[in-house]
Amino acid sequence: MKNRFISVTLLTLISLSSLYANDIENTIIPTKHSKTLTLSSIAEIQPGLGTVMMEFGHRFYLTYYAAKAENWELAEYEIEELIEAQEIAETTRPKYALKLQAFESIYLKKLQNSIRKQDWKLFEKNYTQTTNACNACHKENGHSYIQYSLPKESPKYLKMAL
Ligand code: HEC
């Protein structure tokens with residue numbers, strides 16, 4: 001009897017919570033341009049891994065030339081922003097979260113450390129290792145056709161050497 005009561009209560013709670021979840025998903029958030037955007041459609045369009053990776057490629061490139069020009073502050077800024085971008089992907093694409101966190105603690109932190117030490121030789125060595133790890137992850141995840149390759153020219157639209 002007692003067990004039956006517990007299971008009926010549980011079932012009621014489960015169905016109530018799914019009703020509630022459904023309600024939240026369908027909550028309309030009106031904007032200037034649309035009166036029909038739902039919370040779940042907004043959640044669905046948050047940046048995924050591909051978008052974060054475009055930022056990765058860009059900031060990873062800038063980090064290199066900033067460090068080379070000994071603009072250590074810029075290099076530090078770029079690597080921090082890169083790590084922040086990664087956190088977006090950890091949230092929106094949880095299946096990659098553990099791999100991304102491991103990549104951060106093994107490679108990105110080392111790179112950041114060589115920037116903090118303002119040690120170009122160490123930076124270069126860590127940069128090569130990180131590049132290999134970037135490309136290994138692409139391969140592991142069925143994207144061996146995506147290979148990061150450092151552009152030969154430094155970026156033109158930002159001053160590297162101050
Ligand atoms: C945890 C695995 C992982 C790591 C680490 C990783 N990537 Fe990626 N990257 C991916 C995956 C998966 C894709 C394909 C994106 C998708 O499936 O939406 C990708 C795509 C890319 C793209 C193509 C983006 C586009 O849409 O044009 C670039 C550029 C890129 N990565 C650069 C990098 C760089 C640079 C690093 C290292 C600093 C890096 N990635 C580290 C998994 C990883």
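Predicted model: local features only at pLDDT ≥ 70, side-chain atom pairs only at ≥ 80, totals over all residues.
On the α4 side the contact is made by Trp72, Ala75, Glu76, Ile79, Ile83, Gln86, Ala89 and Glu90, and on the α5 side by Ala97, Leu100, Gln101, Glu104, Leu108, Leu111, Gln112 and Ile115. If we sort the residues of this contact by class, we find 10 nonpolar, three polar and three charged ones.

Some of these names come back when we turn to the largest nonpolar core, which has 15 residues. Those with the most contacts inside this core are Ala66, Ala67, Ala75, Ile79, Leu111, Ile115 and Phe123. Two or more residues are given to the core by each of α3 (49–68), α4, α5 and α6 (120–140), and the largest share, six residues, comes from α3.

Now to the ligand, and which residues are the closest to it? Of the 20 residues that surround the ligand, the closest are Gly50, Met53, Gly57, Cys134 and Cys137. Helices α3, α5 and α6 each supply at least two residues of this shell, and α3 gives the most, with seven residues. By class, the shell around the ligand has 12 nonpolar, seven polar and one charged residues.

Let us go back to α4, where we find isoleucine 88. Is isoleucine 88 buried, partly exposed or exposed? A residue would need 20 or more other C-beta atoms within 10 Å to be buried, and 12 or fewer to be exposed, so isoleucine 88, with 16 C-beta neighbours inside 10 Å, counts as partly exposed. Leaving out residues up to four places away in sequence, isoleucine 88 touches Pro47 and Val52.

That brings us to proline 47, which has its place in the loop between α2 (39–44) and α3. Proline 47 also counts as partly exposed, because it has 16 C-beta neighbours inside 10 Å. Beyond its neighbours within four places in sequence, proline 47 is in contact with Val52, Ile88 and Thr92. The C-alpha atoms of proline 47 and threonine 91 are separated by 9.8 Å, although the two residues are 44 residues apart along the chain.

Glutamate 70, in the loop between α3 and α4, has a positive phi of about 60° although it is not a glycine, and with 14 C-beta neighbours inside 10 Å it counts as partly exposed. Glutamine 118 lies in the loop between α5 and α6, and here phi is positive at about 55°, although this residue is not a glycine either. With 13 other C-beta atoms within 10 Å, glutamine 118 is partly exposed.

Terms used. Residues numbered from 1 in each chain as written. Contact = placed C-beta atoms within 7 Å. Helix = DSSP H or I, 4+ residues; strand = E, 2+ residues; numbered from the N terminus. Nonpolar A, V, L, I, M, F, W, Y, C, P; charged D, E, K, R; others polar. Core = buried A, V, L, I, M, F, W, Y, C linked by C-beta atoms within 7 Å. Near = placed C-beta within 6 Å.
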